[in-house]
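Hello,

Here is the structure I promised to pass on. Have a look at it first, and my notes follow below.

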Amino acid sequence: MAGLSDEVIEAKDGTIPVASGYSGHQEVVEAKDGTISVASAFAGHQEAVQDRDHKFLTRAVEEAYRGVECGDGGPFGAVVVRNDEVVVSCHNLVLKQTDPTAHAEVTAIREACKKLNKIELSDCEIYASCEPCPMCFGAIHLSRIKRLVYGAKAEAAIAIGFDDFIADALRGTGFYQKANLEIKRADGKQAIIAEQVFEKTKAKFQLY
């Protein structure tokens, strides 16, 4: 367009920032594996996103402190957000409920589903005070939550004795693993009977 020009400023690691002729507007052209994508944002947009994330993540951290103070469980908090509003704010309840699965993220997902009366949260985000463990990642995936923002890395929790984190399952750091679990798949008639459950009930479970 006449009167408007784009100036290439810098190219690093396949990323080329472009200063647009539009005032207050920036475009980023990224080339990876032969593909080119364009992301644009008005001035202040990134700062707004960061401020928003900071607000909700702070809420999750406050929940982590609250849970410890109440003696409910470990120092973990999670917040489910929908349309920029907090749906639920929860902390770890493992000790209070005598339930090893009552992690902050799982508890938050359970409560959010109850509150919204649905089993998928595709229009929601979750903020966790710490990097979720494999179980919580699984729950986040199954709930179809669209975005996860977490604060502390798993190693921060591992350093004070928590061993059920993503570092064990995905990073191969089995040094921290305490439990010895034997896993065996049934065979023969046992396996056939179990598999028939899915075939006979598939018409009733079109969940998504």
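Let me start with a backbone detail: just after H3, Arg 144 takes a positive phi of about 65 degrees. Helices here (H or I, at least four residues) and strands (E, at least two) are DSSP runs, numbered from the N terminus.

Before going on, a word on the source. This is a predicted model, in which local features need pLDDT of at least 70 and side-chain atom pairs count only at pLDDT 80 or more, while totals for chains, interfaces and linings use all residues. Residues are numbered from 1 along each chain as its sequence is written, and side-chain values use heavy atoms, with hydrogens and water left out.

Back to H3, which spans residues 134-142. Cys 136, Ala 139 and Ile 140 are buried in this helix (under 20% relative accessible area, with exposed over 50% and partly exposed in between; 1.4 Å probe, protein chains only). Seen down the axis of H3, these buried residues fall within an arc of 100 degrees, so they line one face of the helix; the arc is that of the directions from the helix axis to the C-beta atoms. The face turned away from the buried side carries the exposed His 141 and Leu 142. Helix H2 (104-116), strand S7 (124-130) and strand S8 (147-152) are among what covers the buried residues of H3, where contact means heavy atoms within 4.5 Å.

As for the whole protein, there are 6 helices and 8 strands, running β-β-β-β-α-β-β-α-β-α-β-α-α-α from the N terminus on. Of its 208 residues, 30% count as buried.

Best wishes
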